[in-house]
Amino acid sequence: MKITNSVAIFSDLDGTFCFQDKIHGIERLRTASDSDPGDSIVKQPGRDSEVFALDWGRGSIGVYVDIATLIRIRVLQRLGLPLIPVTGARANTMIPRFHSMPFIEGAVIENGGRIVDREMNDNQEWEDHLSAQVAALKTMEKYLESQGIKMDNKGRKAMIRIRLQDNPHMTKEMFDLFFR
């Protein structure tokens, strides 16, 4: 990925300009288009208005972005201000988002652990910079596995994710003590 601009807008994704049905309470009212089932009319909790949104989730989880937000981002991009998403998402979560945002050239994913372009190619300089930390992380991952801790790491290269729901042998108090 070649960086050509010296000015950019960095923004979180989830809860900033895309919202999940289960986490943020977005209610999908109906499909907005016969041609694309991802075009949706949604309602936010506490608001009476309906919003035209794209569904990035395209599966069991609804992840919606307001079309007006995408238009505003596109205007900024045309003014020479590229948007660089910064997110904890893994690569396979970002792929459908890149399809919905063809004007985004890359992203910072896995909470800063990876910088990728649209094709999910890692920035080699950043990957080299973090190589010692990633190696230490893999050692920690093996240790946690040896202790019976289950992780949600599929598709992740530079971070681990530990959830209580994946570790039913732990009480909430125990989980909070170790991981919060």
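Asn153 is located in the loop that runs between helix H5 (131-146) and helix H6 (172-179); helices (H or I, at least four residues) and strands (E, at least two) are DSSP runs, numbered from the N terminus. The model is predicted, with local features requiring pLDDT of at least 70 and side-chain atom pairs counted only at pLDDT 80 or more, while totals for chains, interfaces and linings use all residues. Residues are numbered from 1 along each chain as its sequence is written, and side-chain values use heavy atoms, with hydrogens and water left out.

Asn153 is buried, at a relative accessible area of 13% (buried means under 20%, exposed over 50% and partly exposed in between, with a 1.4 Å probe and protein chains only). The side chain of Asn153 forms a polar contact of 3.3 Å with the side chain of Glu141 and reaches the backbone nitrogen of Arg161 at 3.0 Å. A polar contact is a pair of N or O atoms within 3.5 Å; within protein, one must be able to donate a hydrogen and the other to accept it, and residues adjacent in sequence count only if both atoms are side-chain atoms. When residues up to four places away in sequence are not counted, Asn153 touches Arg90, Glu141, Met159, Ile160 and Arg161 (contact means heavy atoms within 4.5 Å).

An open sheet is formed by 5 strands in the order S2-S6-S5-S4-S3, with antiparallel pairing; two strands pair if DSSP finds at least two bridges between them. Strand S2 (19-20) and strand S3 (27-31) are the edge strands, each pairing on one side only. S4 and S5 are paired in the antiparallel sense over 5 bridges, and Leu54 in S5 is the bridge partner of Asp39. Helix H2 (residues 67-78) packs on the sheet, where H2 touches S5 and strand S6 (63-66), and the direction of H2 makes about 60° with that of S6. Axes are lines fitted to C-alpha atoms, for helices over the stretch in contact, and angles run from 0 to 180 degrees between N-to-C directions.

H2 has 12 residues and spans 17 Å from its first C-alpha to its last, close to the expected 16 Å (1.5 Å times one less than the number of residues). The N-terminal end of H2 is capped by Asp66, a side-chain oxygen of which lies 2.9 Å from the backbone nitrogen of Ala68.

The loop between strand S4 (39-43) and strand S5 (50-55) contains Gly46, which is exposed, with a relative accessible area of 87%. A distance of 9.7 Å separates the C-alpha atoms of Gly46 and Gly25, which are 21 residues apart along the chain.
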